[in-house]
Structure formats: structure tokens, C-alpha cells
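This report is written for a reader meeting the structure for the first time. It takes selected residues and helices in turn and describes their surroundings.

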Amino acid sequence: MAWKAVAIGYRIPRLSLAPPIPASRAVKFGDGRRPAWERRVTGAAIAAIAVVLASSRLPFGRMSALDWKRHGMELFSQGDVSGSLEQFNKVLDAFPEELPYLWQRGLSLFYLDRFEEGAAQFREDTKLGNNDSEEALWCFLCEARSYSLEEARQRIPDTGKDSRAYMNQIYKLYKQGGDPQQMLGSFLKEDRGQAFFYASLYSGLYYEALGEFEPAKSAIMSACASSYGSTSQDYMVSVAKVHCKTRKWC
């Protein structure tokens, strides 16, 4: 069974109530390009999930798992990274089969400097085969710290062609090396929207992996200040802001 709904101004493309689909895939927000629906929802939009769940027939345990995940996302967005990990781990403890869908847990592990665990989480995510390159990039960022930049480059998972052209350019930078500024330059004529935000965020993260902290700071703060970074409910906007807070840039 599937149906569509609109809550608090954010479109819910699909709600599947047919078991045994994992709880993390039961609701999908945003543009529908990926099974990990939560990337597009933070703040007030997270509350929309409760509206959906109130009228759903999901088993109680699954509803609890969704609530833990929602709460973990809220805590992360508020800067409580440790608290967010506790919530994501509750989901994992209760439903081990959810592991490949807990990419948010990988982000929390990264910001707690638990890089080996973070890399393992992101590698599980890439096994879904959804051609989303971001988990591969975060795996690289974790392993660049656990091993070395070159070894991380050799180990980066192959996720196939991303549906977002700009993410393919970013993946190429991580995989093959190059000048982040040159890659970023191709997005400077953008309207400071989604593509510019993602290019700036991942350029900054790449600079940081290189040990070049000033250009890293400049790029990620530009991402936060962009039109997309200033207005979007995208979970990755929260990631950019948490990154700045953990580095004491703001």
C-alpha cells in the first residue's frame, strides 16, 4: 500500500506500509532521488513525520525506530552529536537490518572522530547500489584520517553514476585528485543554489582532508552562506553548520 500526503509544506512522495520494508525507507521526503529520505528534512519538517505516523499502521516497534531516528536527526541539527549517535544506535540495536540505511549515524561517528566505525557505516550504505556518491565521499573522508589520503583514494567505493551531475564532478575530485578550487570555479556562476552548496561543502571537506584548513573554512562557510545553505531544510545544511561549530569557526 502506498499513498501521498502533504504536511507542513513539505511533500512526502511516498509512504509504504507494506512490511518488511525497513523503517528507514518507510517515508521519503524531498526530491525522491534516493532511498535515504531524511537527507532533505530538518527542523520543523521533521515534525511532519509524526503527522504521518499518527495515521499509519506501522508496528509499534517500527514506529519507535522512526522516532529514534527522527530524534537523532534533531539532536544532530542542534549540535548534540553524541546524543544523536545514542538515538541512531537505539535503532541499530533494535533492528540490525537497518544498518545500511543509517548514513546519519556515519556522520555522527565522523564528528566524534570515530573514523573506522564511520567508514564501516558508509561502506554498508554504498552496498544499497542506489548510485548515490555521498556515502562514498564520507567513507573517503573517514579513511583519509584512519589511513592516508592516497590509500583512501584507492579504497573509495565505486557507486556508479550519480543522478546529480555536480556530484559526479565532486566524486571525480575525490577519486582522482586535483584542485578543489578549479572544480569549485565551475559552480561560481550558479545562483548560489543547491549545486553551489554541495560543491562548496565537499570542496571544503576535501581541503580539510589535505590539511589545508583556511581554504576548508572559506569553502564550508560559503556553503552555509549560500542561498541554499540559508533556506533549505536539507540535512546536509545541518552537517555544514555542525562542521563549522565543531571547528569553532562560528
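## E143 in helix α6

In this predicted model, E143 belongs to helix α6. Its relative accessible area is 3%, and because buried means under 20%, E143 is classed as buried.

The side chain of E143 makes a polar contact with the side chain of R123, at 3.1 Å. R123 is also listed among the residues that E143 touches, together with A119, S148, A152 and R155; residues up to four places away in sequence are not counted here.

## An aromatic pair between α6 and α4

Helix α6 covers residues 134-146 and includes W138. The structure holds 18 aromatic pairs. One of them joins F110 and W138 in an edge-to-face arrangement, with 5.1 Å from centre to centre and 80 degrees between the planes. F110 lies in helix α4 (residues 103-111), so this pair ties together parts that are 28 residues apart in sequence.

Both partners are shielded from the surroundings in the sense of the burial cut-off, which is under 20% relative accessible area. F110 has 1% relative accessibility and counts as buried, while W138, at 2%, also counts as buried.

## Helix α4 and the residue after it

Just after α4, D113 adopts a positive phi of about 60 degrees.

## Two tyrosines in helix α10

What kind of aromatic pair do Y198 and Y202 form? The two rings are stacked, with their centres 6.3 Å apart and an angle of 20 degrees between the planes. Y198 and Y202 both lie in helix α10 (residues 194-210), where they are 4 residues apart, about one turn of the helix. An α-helix has 3.6 residues a turn, so residues three or four places apart point the same way.

Y198 is buried, with a relative accessible area of 0%, and Y202 is likewise buried at 0% relative accessibility.

## G177 in a loop

G177 is located in the loop between α8 (165-176) and α9 (180-185). Is G177 buried or partly exposed? With a relative accessible area of 25%, G177 is partly exposed.

Leaving aside residues up to four places away in sequence, G177 touches R153, K172 and Y206. The C-alpha atoms of G177 and E150 are separated by 9.2 Å, and these two residues are 27 residues apart along the chain.

## Helix α13 and its ends

Helix α13 comprises 12 residues (residues 235-246), which at 1.5 Å a residue should span 16 Å. The end C-alpha atoms of α13 are 16 Å apart, in agreement with that expectation.

α13 is mostly covered, since 9 of its 12 residues are buried, under the cut-off of 20% relative accessible area. The buried residues are Y235, M236, V237, S238, V239, A240, V242, H243 and C244.

At the N-terminal end, D234 caps α13: a side-chain oxygen of D234 lies 2.8 Å from the backbone nitrogen of M236. Following α13 is K248, whose phi is positive, near 60 degrees.

Conventions
Residues numbered from 1 in each chain as written. Predicted model: local features only at pLDDT ≥ 70, side-chain atom pairs only at ≥ 80, totals over all residues. Heavy atoms only, no water. Phe/Tyr/Trp six-rings, centres within 6.5 Å; stacked < 30°, edge-to-face > 60°. Buried < 20%, exposed > 50% of the residue type's maximum accessible area, 1.4 Å probe, protein only. Contact = heavy atoms within 4.5 Å. Polar contact = N/O pair within 3.5 Å; in protein donor to acceptor, adjacent residues only side chain to side chain. Expected span 1.5 Å × (residues − 1).
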